Amino acid sequence: MEVSTNLELDLSQIYTCPCCQMETPHYLLARREKRVGIACSRCQTISLVDADLLESHQAWWEEELRQILSSLDEEHHFDEDH
Ligand SMILES: [Zn+2]
């Protein structure tokens, strides 16, 4: 049991939907070993992806989100300074 993943706990995963052509929240449908079935919450398109890929994508997205949020903080800070 060295599968250290919190995929099961997450209700949605950020993934690039092939239909929407953008990052959308996906519902986790099923998981079999390293394959994960997810469905786009916008258009319901089902994607079958590699669990590792999904996790690394999620990590990338969270990092991206952090940068966006911190840049927003900076802008906010500038506003307050002014
Ligand atoms: Zn979609």
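## Terms and basis of the model

Helices (H or I, at least four residues) and strands (E, at least two) are DSSP runs, numbered from the N terminus. The structure is a predicted model, in which local features need pLDDT of at least 70 and side-chain atom pairs count only at pLDDT 80 or more, while totals for chains, interfaces and linings use all residues. Residues are numbered from 1 along each chain as its sequence is written.

## Overall organisation

The protein chain contains four strands and one helix. Along the sequence, these elements follow the pattern β-β-β-β-α.

Of the 82 residues in the protein chain, 10% are buried. A residue is called buried if 20 or more other C-beta atoms lie within 10 Å of its own, exposed if 12 or fewer do, and partly exposed in between, with C-beta atoms placed from the backbone. Two residues are in contact if their C-beta atoms, placed from the backbone, lie within 7 Å. Among the contacts in the protein chain with a separation of 6 or more, 32% join residues 24 or more positions apart.

## The sheet

Strands of a sheet pair through backbone hydrogen bonds, either parallel or antiparallel. Here, the four strands form an open sheet in the order β1-β2-β3-β4, and the pairing is antiparallel. Its edge strands are β1 (12-17) and β4 (46-50), each of which pairs on one side only. From one strand to the next, the twist averages 45°. For such angles, axes are lines fitted to C-alpha atoms, for helices over the stretch in contact, and the angles run from 0 to 180 degrees between N-to-C directions.

Two strands are said to pair if DSSP finds at least two bridges between them. Six bridges link β1 with β2 (residues 22-32) in the antiparallel sense. The antiparallel strands β2 and β3 are joined by six bridges, and L28 stands opposite I38 in β3. Five bridges hold the antiparallel pair of β3 and β4, where A39 stands opposite I46 in β4.

## The hairpins

Each of the following hairpins is described by the residues between its strands and by a residue with positive phi. The hairpin of β1 and β2 has four residues between the strands, and Q21 takes a positive phi near 60°. In the hairpin of β2 and β3, two residues lie between the strands, and E33 takes a positive phi near 50°. The hairpin of β3 and β4 has five residues between the strands, with a positive phi near 65° at Q44.

Most residues other than glycine have a negative phi, and most peptide bonds are trans. E33 has a positive phi in a residue other than glycine, and Q44 likewise has a positive phi although it is not a glycine. E33 is found in the loop between β2 and β3; E33 counts as exposed because it has 7 C-beta neighbours inside 10 Å. Q44 is placed in the loop between β3 and β4, and it is exposed because 11 other C-beta atoms lie within 10 Å.

## The surroundings of C19

C19 lies in the loop between β1 and β2. This residue is partly exposed because 13 other C-beta atoms lie within 10 Å. Leaving aside its neighbours within four places in sequence, C19 is in contact with C40, C43 and T45. C19 and Q44 are 25 residues apart along the chain, and their C-alpha atoms are separated by 9.2 Å.

## The nonpolar core

In soluble globular proteins, nonpolar side chains tend to be buried together. A nonpolar core is defined as a set of buried Ala, Val, Leu, Ile, Met, Phe, Trp, Tyr and Cys residues joined through C-beta atoms within 7 Å. The largest such core has six residues: Y15, C17, V36, I38, C40 and L54. At least two residues of this core come from each of β1 and β3 (35-40). With three residues, β3 supplies the largest share.

Apart from its neighbours within four places in sequence, L54 is in contact with Q13, Y15, V36 and V49.
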